[in-house]
Protein chains: 2
Amino acid sequence: MQLCEMNKEQLEKFRDEVKKEYDGYKALGLALNMTRGKPSAQQLDLTMGMLTALTENCKSEDGTDCRNYGILDGISEAKKLFAPMLGVSDDELIICGNSSLNIMYDMIMRCYVFGVDGDQKPWKDQGKIKWLCPVPGYDRHFAITEQFGFEMINIPTSETGPDMDMIEKLVSEDASIKGIWCVPMYANPTGITYSDETVKRFAALKPAAKDFRIFWDNAYCIHHLTDTPDKLLNIFDECKKLGSEDMVFEFASTSKVSFAGSGVAVMAASVKNVKYVDSLMTIQTIGYDKLNMLRHVRFFGSYEGMLEQMKKHRAIIAPKFRAVLDALDSGIAPLGIGTYTKPNGGYFVSFNTIDGCAKKVVALCKEAGVVMTGAGATFPYKKDPHDSNIRIAPTLPPVSELEQAMKVFVCAVKLATAEKLLESK
Amino acid sequence: MQLCEMNKEQLEKFRDEVKKEYDGYKALGLALNMTRGKPSAQQLDLTMGMLTALTENCKSEDGTDCRNYGILDGISEAKKLFAPMLGVSDDELIICGNSSLNIMYDMIMRCYVFGVDGDQKPWKDQGKIKWLCPVPGYDRHFAITEQFGFEMINIPTSETGPDMDMIEKLVSEDASIKGIWCVPMYANPTGITYSDETVKRFAALKPAAKDFRIFWDNAYCIHHLTDTPDKLLNIFDECKKLGSEDMVFEFASTSKVSFAGSGVAVMAASVKNVKYVDSLMTIQTIGYDKLNMLRHVRFFGSYEGMLEQMKKHRAIIAPKFRAVLDALDSGIAPLGIGTYTKPNGGYFVSFNTIDGCAKKVVALCKEAGVVMTGAGATFPYKKDPHDSNIRIAPTLPPVSELEQAMKVFVCAVKLATAEKLLESK
């Protein structure tokens with residue numbers, strides 16, 4: 001029986017039983033952390049060979065001594081490694097340090113201080129700036145645009161991606177809208193991948209602002225979890241058909257391929273944009289860590305080597321996603337007290353309670369020793385208008401802990417939902 | 001006989017002889033590059049052990065798995081490694097990525113966009129910003145403040161540091177002056193170290209702008225070349241006596257200690273400033289490369305280990321400085337056609353021609369196959385008002401090449417000076 005069909009007495013009985021179960025969990029004194037999308041130690045072990053992949057010859061293929069200064073936007077073999085991953089050519093790539101978030105931040109900063117290219121006014125000189133944020137989304141994206149003081153506008157997301165009707169209307173009408181955050185594949189946290197139509201409509205956008213830019217964070221482009229992986233259209237291919245390739249900055253990294261703290265981050269953009277970024281970046285730094293680029297090239301050998309590595313990651317984390325989904329399938333679905341995604345890849349399961357329960361669920365979990373990502377974190381300003389979305393990050397804990405944590409989580413959802421429904425009885 | 005004492009006939013004879021020598025060099029078809037302060041391959045070889053210093057245990061002393069995300073401002077043992085180098089405590093340090101230039105750039109950007117602290121207006125909202133530039137100085141410093149559009153003001157430098165009378169007067173009178181670039185030890189390019197009085201006067205500055213900041217680039221703090229190294233007062237010690245420690249941002253790196261492209265860069269600041277920077281930085285990145293920090297800690301073992309490494313560097317580069325100075329002592333000094341520094345450390349020898357000859361000397365060198373740093377590069381906007389300063393970077397070429405290049409250089413100085421003096425005969 002679904003909870004919404006219960007009368008007051010049935011609900012009270014249900015609530016009391018669940019409360020007893022919940023108190024039992026509290027008594028266990030658990031201390032489980034499910035907050036962030038971090039790889040587990042077992043996943044990081046997959047890359048230990050990288051630490052000995054570069055012990056002698058530090059020359060790149062063109063003879064550059066990678067130990068020394070020089071080479072602003074990445075050694076050529078690193079470009080060859082990542083070009084097929086993003087489906088771009090070498091001269092459309094910039095290879096940077098360990099953090100794609102940092103590249104995105106720097107890119108926002110450049111647009112803000114110097115303008116999106118040599119011709120457009122810097123955003124800082126254009127008064128109020130607005131930014132589109134597909135929700136639920138990545139908290140660290142929203143934190144950047146919040147720090148720069150942009151007004152963030154929520155864009156609802158469905159199975160096919162963000163609401164393109166809304167986006168097309170907004171950007172065509174409002175020249176103060178300068179950009180949008182997108183995680184187009186296995187999105188954080190929903191796990192959905194943008195449909196072909198969505199990508200084509202992004203490429204075909206006709207923004208009122210000439211300096212509108214799509215920040216295409218393709219963080220999970222090779223992070224498949226199943227035998228039926230999603231497929232994402234190459235946005236640059238679509239843009240090139242329409243001459244709109246200057247509108248897109250694409251980002252990715254090996255943070256969840258090699259080492260989360262010591263990977264290599266990359267940016268893809270039109271040749272024109274790469275030249276412009278290089279012209280500013282050459283003042284910012286002499287160059288990024290080329291030895292770490294070389295380490296990645298030597299360890300993976302090729303893009304295919306990276307894909308092989310991803311299969312090993314999948315073998316470790318797919319069972320964790322299954323544990324989460326099994327718990328939800330058995331504990332939540334029959335009661336009709338929440339909806340959730342079943343992603344084919346990425347790092348998250350996105351869970352929606354009935355309206356007005358997410359904060360309560362997270363608080364109940366915490367009280368029982370299970371720390372979840374804060375409710376609201378997946379929305380700009382940490383404000384979930386429905387107080388409904390909770391991001392579940394299955395990768396870090398071992399399966400046994402995950403199963404334990406999910407029992408607590410399911411119990412917390414039951415309890416919070418029952419109490420919520422009782423309010424209106 | 002000094003050139004300035006020669007009459008026209010003597011000078012013409014001198015010029016003709018030197019011209020013959022110069023044409024001889026040109027005929028050799030040399031291709032020597034003395035442009036940048038890069039370490040040589042032999043120096044980089046000193047650090048090869050670092051590539052195998054971290055192959056297994058990636059845990060930091062507090063148990064953090066350095067392979068994963070986390071820890072914003074550096075692992076604790078890296079802080080312990082660098083704290084004695086800069087004479088600050090752990091909570092006055094931020095350990096970053098591979099480039100101190102990048103930290104300085106980011107710091108300028110933060111002040112510009114968000115303000116120097118939580119209270120002051122961002123520089124971008126304060127109209128015209130001016131910046132003090134001790135000259136000759138580091139071209140990449142000047143390039144940053146030029147990119148941000150600050151008006152740069154030349155400050156002459158003597159043996160004791162920049163002209164403090166001028167600095168004190170300017171900063172006390174003009175609130176649009178927001179900062180100064182300083183390389184206080186073995187300065188780039190003069191090689192001088194600021195005197196105790198200079199450091200004390202910096203600490204005691206009373207700027208009209210509350211948000212005036214000293215950018216203290218201590219790049220060469222342990223880069224001694226002789227048995228009688230210079231000593232630099234700890235500016236934070238002096239500031240703390242006066243309560244002015246928020247006025248200073250200090251920077252350093254291991255770029256010329258370990259690997260130039262893959263070192264670790266650090267920033268020191270007051271506890272208040274560190275907290276403020278951390279609060280902004282936490283939006284910019286999840287953290288810097290902790291494995292590379294750990295690699296440095298494991299390889300050097302301690303600050304003393306770094307000092308030992310610097311002795312090995314000295315053994316390699318001191319003879320190169322000697323080759324440069326020998327060439328100048330024998331070829332230039334007797335003729336009175338140039339002045340130059342004899343640094344106790346750092347990476348450069350700073351040479352001054354008589355007024356109006358530097359560009360000509362660099363052009364003559366280039367024509368004979370010896371590329372020097374461009375004349376003017378050591379001044380803001382690349383404009384040397386006296387067309388006199390040339391930066392000599394002895395570290396990269398082998399001694400044999402250096403000797404060859406210096407022969408050409410000395411010959412070019414002779415030729416250019418003779419021609420210049422003949423103009424007014």
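**Entry 1: a helix pair in chain A**

I looked up helices H7 (residues 196–203) and H8 (residues 235–242) of chain A, and their axes come within 8 Å and cross at roughly 45°. The model is predicted, so I kept its limits in view: local features need pLDDT of at least 70, side-chain atom pairs count only at pLDDT 80 or more, and totals for chains, interfaces and linings use all residues. Residues are numbered from 1 along each chain as its sequence is written, and chains are lettered from A in the order in which they are written.

Helices here are DSSP runs (H or I, at least four residues), numbered from the N terminus. Axes are lines fitted to C-alpha atoms, over the stretch in contact for helices, with angles from 0 to 180 degrees between N-to-C directions.

H7(A) and H8(A) are therefore oblique to each other (under 35 degrees is roughly parallel, over 145 roughly antiparallel, 65 to 115 roughly perpendicular, the rest oblique).

I then listed who meets whom: A:Val199, A:Lys200, A:Phe202 and A:Ala203 in H7(A) meet A:Ile235, A:Glu238, A:Cys239 and A:Leu242 in H8(A). Contact means C-beta atoms, placed from the backbone, within 7 Å.

**Entry 2: chain B on chain A**

**Entry 3: the interface**

I noted 40 residues of chain B in contact with 41 residues of chain A. H4(B) gives the most to the side of chain B that touches chain A, with six residues.

Key
Helix = DSSP H or I, 4+ residues; strand = E, 2+ residues; numbered from the N terminus. Contact = placed C-beta atoms within 7 Å.
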